[in-house]
Amino acid sequence: MTKLIFQKTDIGLGKRKQAVARVFLVPGEGNITINKVSGNHYLQYNDTYLSTVLAPLKTVNLNTQFDVIAFVRGGGLTGQADAIQLGVARQLCKINEQHRIALKPHGFLTRDSRIKERKKYGLRKARKAPQYSKR
């Protein structure tokens, strides 16, 4: 694999839960590479995750014109796939501002701000209380 050099302005940053994705769109055939591994292999051949990552490209009919290269850290596969999706959508808006009109109604440009709620003292989890005993 050849070494690719990117500018800081080429990065589409996506976040979801604890996952942070740095996404690059390169002219190509529609291949996905995540952390230097094939996208199919990294996302465990799960069609839901793959369609999530490619959804912004399919919306603007560019799924066969760009390769997606992503570097992801933190979280699980669901959060990582959603973070990559946000990064791809932001990259498409940087490439052409007209894509924003097509992506915005589908919610691809909205950062999902829901994160895990912290555990409180006296409870087992964030909200789960110990079993109540009357006697």
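Leu103 touches Pro56, Thr59, Val60, Ala89, Leu92, Cys93, Phe108 and Leu109, leaving aside residues up to four places away in sequence; contact here means heavy atoms within 4.5 Å. The model is a predicted one, in which local features need pLDDT of at least 70 and side-chain atom pairs count only at pLDDT 80 or more, while totals for chains, interfaces and linings use all residues. Residues are numbered from 1 along each chain as its sequence is written, and side-chain values use heavy atoms, with hydrogens and water left out.

Leu103 also belongs to the largest nonpolar core, where Leu57, Ile84, Val88, Leu92 and Leu103 touch the most other members among 30 residues. Such a core is a set of buried Ala, Val, Leu, Ile, Met, Phe, Trp, Tyr and Cys residues joined through side-chain atoms within 4.5 Å, and buried means under 20% relative accessible area (1.4 Å probe, protein chains only). Two or more residues come from each of β2, β3 (32–34), α2 (47–59), β5 and α3 (77–95). The largest share, eight residues, is given by α3. These labels follow DSSP runs numbered from the N terminus, with helices (H or I) of at least four residues and strands (E) of at least two.

Next come the two helices. α2 and α3 pack at an angle of about 10°, and their axes lie 8 Å apart; axes are lines fitted to C-alpha atoms, for helices over the stretch in contact, with angles from 0 to 180 degrees between N-to-C directions. The two helices are therefore roughly parallel to each other, a label for angles under 35 degrees. On the α2 side, the residues that meet α3 are Tyr49, Thr52, Val53, Ala55, Pro56 and Leu57. Their partners in α3 include Leu77, Ala81, Ile84, Val88 and Leu92.

The strands can be followed in turn. Five of them form an open sheet in the order β1-β2-β5-β3-β4, with mixed pairing; two strands pair if DSSP finds at least two bridges between them. At the edges are β1 and β4 (37–38), each pairing on one side only. β1 (residues 12–16) pairs with β2 (residues 19–27) in the antiparallel sense over five bridges, and Arg16 stands opposite Ala19. Two residues lie between these strands in their hairpin, where Lys17 takes a positive phi near 55°. β2 also pairs with β5 (residues 66–73), again antiparallel, over eight bridges, with Val23 opposite Ala70. β3 and β4 are joined by two bridges in the antiparallel sense, and there Ile34 faces Val37.

Terms used. Buried means under 20% relative accessible area, exposed over 50%, partly exposed in between (1.4 Å probe, protein chains only). Angles under 35 degrees count as roughly parallel, over 145 as roughly antiparallel, 65 to 115 as roughly perpendicular and the rest as oblique.
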